Amino acid sequence: MKSRRRPEVPKTVLARLRKACLALPETREEQAWTGTRWRIRKETFAHVLMIADGWPPAYARVAGTDGPACVLTFQSLGPRVDPETFSRAPYFRPLWRPDIVGRILDSDVDCADIAKLLTASYCLLAPKKLVEAVRAGQAADHKTRSQRKKRQ
């Protein structure tokens, strides 16, 4: 029996996600059972894959599409904080874990917003000292941006 070739995540999408994820301390990228995932130690904080022809069926069901669609799943407190936003398109709620959110990555996606969601996901799973390092880096970046604005 000939296996069906599944579509791959677009290279531009993968490159943007890779840049955001690998900027976080001790992150590693792996091929997942389908698509690509990023981990901090043994925890997956982001997973990107393609839905096509209703496969994978669990993702197609919860995302509400047979595809083709590129989807990203990540850890989030969002459903507890803002359940309405994270329960409607382009977001979806996978049933396999209570604090995971999915997002369809369409052409309108804001890469800066996605980077923030990925960083928050990482911070929910990373050891405290790594989270502190990320937050310290964000504070320094914010201070630098503020100083630039004042000079302009």
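T27 counts as buried because its relative accessibility is 14%, where buried means under 20% relative accessible area, exposed over 50% and partly exposed in between, with a 1.4 Å probe and protein chains only. T27 is found in strand 1 (residues 27-31); helices (H or I, at least four residues) and strands (E, at least two) are DSSP runs, numbered from the N terminus. A polar atom of the T27 side chain lies 3.0 Å from the backbone oxygen of L24, and a polar atom of that side chain lies 3.3 Å from the backbone oxygen of C21. Such polar contacts are pairs of N or O atoms within 3.5 Å; within protein, one must be able to donate a hydrogen and the other to accept it, and residues adjacent in sequence count only if both atoms are side-chain atoms. Leaving aside neighbours within four places in sequence, T27 is in contact (heavy atoms within 4.5 Å) with C21, L22, W38, R39, F45 and Y122.

This is a predicted model, in which local features need pLDDT of at least 70 and side-chain atom pairs count only at pLDDT 80 or more, while totals for chains, interfaces and linings use all residues. Residues are numbered from 1 along each chain as its sequence is written, and side-chain values use heavy atoms, with hydrogens and water left out.

F45, one of the residues that T27 touches, is found in strand 3 (residues 43-51) and is buried, with a relative accessible area of 1%. The C-alpha atoms of F45 and C21 are separated by 9.0 Å, although these residues are 24 apart along the chain. F45 is also touched by S121, whose contacts include F74 and Q75 as well, not counting residues up to four places away in sequence. S121 has its place in helix 4 and is buried, with a relative accessible area of 0%.

Helix 4 itself (residues 111-125) has 15 residues and should span 21 Å at 1.5 Å a residue, which agrees with the 21 Å between its end C-alpha atoms; the expected span is 1.5 Å times one less than the number of residues. At the start of helix 4, a side-chain oxygen of D110 comes within 2.9 Å of the backbone nitrogen of A112. Among the buried residues of helix 4 are I114, L117, L118 and Y122.

How do helix 1 and helix 4 pack, at what angle and with their axes how far apart? Helix 1 (residues 11-22) packs against helix 4 at an angle of about 40°, with the axes 9 Å apart. Helix 1 is therefore oblique to helix 4, since angles under 35 degrees count as roughly parallel, over 145 as roughly antiparallel, 65 to 115 as roughly perpendicular and the rest as oblique. The contact is made by R16, L17, A20 and C21 of helix 1 and by C111, I114, A115 and L118 of helix 4.

Most residues other than glycine have a negative phi, and most peptide bonds are trans. E26, in the loop between helix 1 and strand 1, has a positive phi near 60° and is partly exposed, with a relative accessible area of 46%. R41, in the loop between strand 2 (36-40) and strand 3, has a positive phi near 55°. A cis peptide bond joins W55 and P56, with omega about -5°, and another joins A89 and P90, with omega about 10°.

Notes. Axes fitted to C-alpha atoms, helices over the stretch in contact; angles between N-to-C directions.
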